Amino acid sequence: MRMIWLNSNQCFELPIPRRNPVGSNLTRGDRRHRIAIDDHHYLHYRQRDTDRGAHMSPTPLKPLPLPDNITTGYWEAARAGRLAVQYCPGCARYVHLPADVCPRCDTPDLQWHPVSGRATLYSYTVVHDAPAPGFADSLPYIVGVAELEEQSGLLITTNLVDVDPGDLRIGLDLDVMFDELAPRHHRAPVPPQEGLTMWDYRDKVAIAGIGYTELIRRNPRTLASLTVEATDAALSDSGLSREDIDGLATTPTMPVYGGEKGNQDGIDVVTPAYLAGALKIRDQITWLGNTSPMVTHAAIDAINALVAGACTHVVLYRALHMPQGRYSNFTSTHASGKDQFFAPYGFSIPAAWAATVARRYLETSGATRESFANFVVDNRERAHLNPNSYFRGKTLTRDEYLTSRMVADPITMLDCDLPVDGAVAIVLTRADRARDLRNPPAMISGYATSNHVGATGVPMTLEDIRAGAHATGERLWAAAGIDRGDIDIAQLYDGFSIFTYTWLEGLGFCGAGDAAGFIDDGNARPTGSLPLNTGGGCLAEGRLHGMTQLTEAAYQVTGRAGQRQIPDARRSVVTVSNGLAGSTAFVISADR
């Protein structure tokens with residue numbers, strides 16, 4: 001018998017001693033046939049043969065499994081020469097296919113148990129039409145269903161090999177053996193944990209151009225015209241033209257909480273399809289990305305589209321405007337869904353949600369609003385050197401911060417990013433193409449997303465935000481193949497000022513509750529140990545939902561930040577949102 005398993009990056013083929021003596025007759029009681037579970041999760045049924053030496057490895061083009069955090073136990077057991085199946089202690093039954101909870105009793109604590117590998121043939125078929133190119137040379141081949149002896153109905157799909165179809169019969173006894181595959185020409189990834197391996201496409205995609213419109217509170221122009229302006233500016237910056245673009249991506253939504261929000265394309269939002277028409281490039285577009293909840297998720301989709309060859313050059317953009325009235329204005333007479341637990345208590349605005357985090361932070365860390373003043377005032381100072389910043393040339397003193405209008409204690413107007421009318425666009429392309437363009441490429445060295453869902457009774461908590469930021473950071477460092485100590489500068493999301501503190505702590509740049517002291521000691525200043533939000537961030541540049549952080553990182557690592565350039569800034573971390581599910585993080589690097 002044999003069971004074929006995958007090594008972490010490639011496959012090998014080595015003999016494994018046979019467990020049972022070899023017979024010569026095909027009889028039910030003597031178990032004269034074997035099963036092999038290969039990397040396609042097929043059981044191979046074959047006649048035992050003591051003289052059989054080498055055997056053919058599966059065709060390299062056959063599909064390979066990609067184990068995840070649910071199925072890894074199955075493949076790890078195979079690597080050790082065991083067949084293992086999940087077992088539910090709640091209902092005392094085996095479970096297959098692998099699951100996160102028992103499909104019968106919903107028990108979450110499923111366990112991997114070794115099983116004997118003995119089975120009977122439940123059913124089979126002979127296939128004559130290849131479902132994938134790698135099976136073409138194997139036609140015709142046999143697919144069997146094996147029922148393991150441990151439990152009635154515990155079935156595993158198998159290939160039956162080296163046996164004449166005429167010798168098959170339902171109820172035939174089967175047994176298991178193990179093999180390892182020979183090296184293949186392509187990578188067969190088996191991550192030990194989800195996300196904790198280096199990204200295959202590290203530094204293969206780059207930011208090649210950046211374009212801004214003026215960012216002001218209210219602009220009489222349409223949002224579509226602003227988006228076209230930003231796109232053309234990014235193309236000009238990169239040395240490309242409209243004719244070179246075959247991909248467009250954004251998050252075409254209005255970030256309004258409660259009340260009414262417009263959805264007229266070109267006025268309230270600008271979808272990629274609308275922009276393609278406005279640019280007169282519809283016929284050449286091969287890929288469009290419309291991704292929620294943040295534009296940086298659209299960035300991830302665009303990066304993957306480029307490495308997959310779905311497009312050549314992508315314009316990623318974010319277009320936002322200041323709606324009439326209030327951003328957070330719950331005008332409905334009834335609250336449904338989660339809102340029914342928040343809106344009746346006047347808890348429907350994000351500033352109030354962030355305020356509960358900030359309040360807990362201050363009281364558990366011993367920090368004060370004077371510490372917040374240090375960050376916000378320094379942040380405004382950095383914005384004076386950013387030509388795209390709304391607050392460029394507008395000074396801010398500590399007294400002005402400390403006496404500013406309170407939105408939800410301790411969050412004031414100056415702790416909130418500023419809604420603006422405007423658009424920003426970046427050109428993404430493959431790194432090998434970017435090197436031939438006008439500017440040095442800013443490499444995408446890795447990215448990570450947060451899936452952390454905290455307590456459901458409140459929108460966010462301090463502890464959940466820190467935990468989500470930490471988990472996202474660990475995946476990010478692994479994907480980029482670096483450690484946090486390799487980071488030169490940080491562009492951390494500051495939709496509310498408190499989020500910068502929680503990102504610093506969650507990513508491990510300082511301990512829990514220590515970010516206030518870290519900032520108070522000057523470490524976040526341009527001359528400090530970790531220059532932070534070097535262009536002023538969202539608080540000073542304007543609300544662009546993460547594009548501010550991406551563009552500033554790209555400017556810095558390519559040496560194009562002008563007067564605010566940080567010497568020797570070759571690698572920047574970028575974070576967007578608060579660390580909970582829906583957040584993203586990137587490492588942006590200089591070309592090596």
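Three bridges join β4 to β5, and the two strands run antiparallel. Strands here are DSSP runs of E with at least two residues, helices are runs of H or I with at least four, and both are numbered from the N terminus. Two strands pair if DSSP finds at least two bridges between them. Keep in mind that this is a predicted model: local features need pLDDT of at least 70, side-chain atom pairs count only at pLDDT 80 or more, and totals for chains, interfaces and linings use all residues. Residues are numbered from 1 along each chain as its sequence is written, and side-chain values use heavy atoms, with hydrogens and water left out.

- Strand β4 covers residues 83-88, and six of its six residues are buried (buried means under 20% relative accessible area, exposed over 50%, and partly exposed in between, with a 1.4 Å probe and protein chains only).
- Both faces of β4 are covered: Leu83, Val85 and Tyr87 sit on one side, with Ala84, Gln86 and Cys88 on the other.
- β4 also has strand β6 (residues 111-115) as an antiparallel partner, joined by five bridges.
- In that pairing, leucine 83 stands opposite valine 115 of β6.
- β4 and β5 make a hairpin with four residues between them.
- Alanine 92 counts as partly exposed because its relative accessibility is 48%.

**Zooming in on valine 95**

- Valine 95 belongs to strand β5, which spans residues 93-95, and is the bridge partner of glutamine 86.
- With a relative accessible area of 4%, valine 95 is buried.
- Setting aside neighbours within four places in sequence, valine 95 is in contact with Val85, Gln86, Cys88, Cys102, Pro103 and Arg104 (contact means heavy atoms within 4.5 Å).
- Tryptophan 112 is 17 residues from valine 95 in sequence, and their C-alpha atoms are 9.6 Å apart in space.

**The nine-stranded sheet**

- Nine strands form an open sheet with mixed pairing, in the order β14-β13-β15-β18-β12-β19-β22-β21-β20.
- β14 (287-290) and β20 (489-491) stand at the edges with a single partner strand each, so one side of each has no neighbour in the sheet.
- From one strand to the next, the twist averages 25 degrees (axes are lines fitted to C-alpha atoms, for helices over the stretch in contact, and angles run from 0 to 180 degrees between N-to-C directions).
- Helix α9 packs on the sheet and touches β19 (442-449), β21 (571-576) and β22 (584-590); the direction of α9 makes about 140 degrees with that of β19.
- Inside the sheet, seven bridges join β12 (residues 205-212) to β18 (residues 422-430), and these two run antiparallel.
- One of the bridge pairs there is isoleucine 207 with leucine 428 of β18.
- In the loop between β21 and β22 you'll find serine 577, with a positive phi near 75 degrees in a residue other than glycine.
- Serine 577 counts as buried because its relative accessibility is 17%.

**Helix α5 and its surroundings**

- Helix α5 (residues 350-365) has 16 residues and reaches 22 Å from its first C-alpha to its last. That is close to the expected 22 Å, where the expected span is 1.5 Å times one less than the number of residues.
- The buried residues of α5 include Pro350, Trp353, Val357, Tyr361 and Leu362.
- Among the elements covering the buried residues of α5 are α6 (369-383), β16 (406-408), β17 (411-412) and α9 (462-480).
- Just after α5 comes glycine 366, with a positive phi of about 85 degrees.
- Proline 410 lies in the loop between β16 and β17, and a cis peptide bond with omega of about 10 degrees joins aspartate 409 to proline 410.

**Where α2 meets α3**

- The axes of helix α2 (residues 223-238) and helix α3 (residues 272-279) come within 10 Å and cross at roughly 70 degrees.
- α2 and α3 are therefore roughly perpendicular to each other (angles of 65 to 115 degrees count as roughly perpendicular, under 35 as roughly parallel, over 145 as roughly antiparallel, and the rest as oblique).
- Ala224, Thr227, Val228, Thr231 and Asp232 of α2 make the contact with Tyr274, Leu275, Ala278 and Leu279 of α3.
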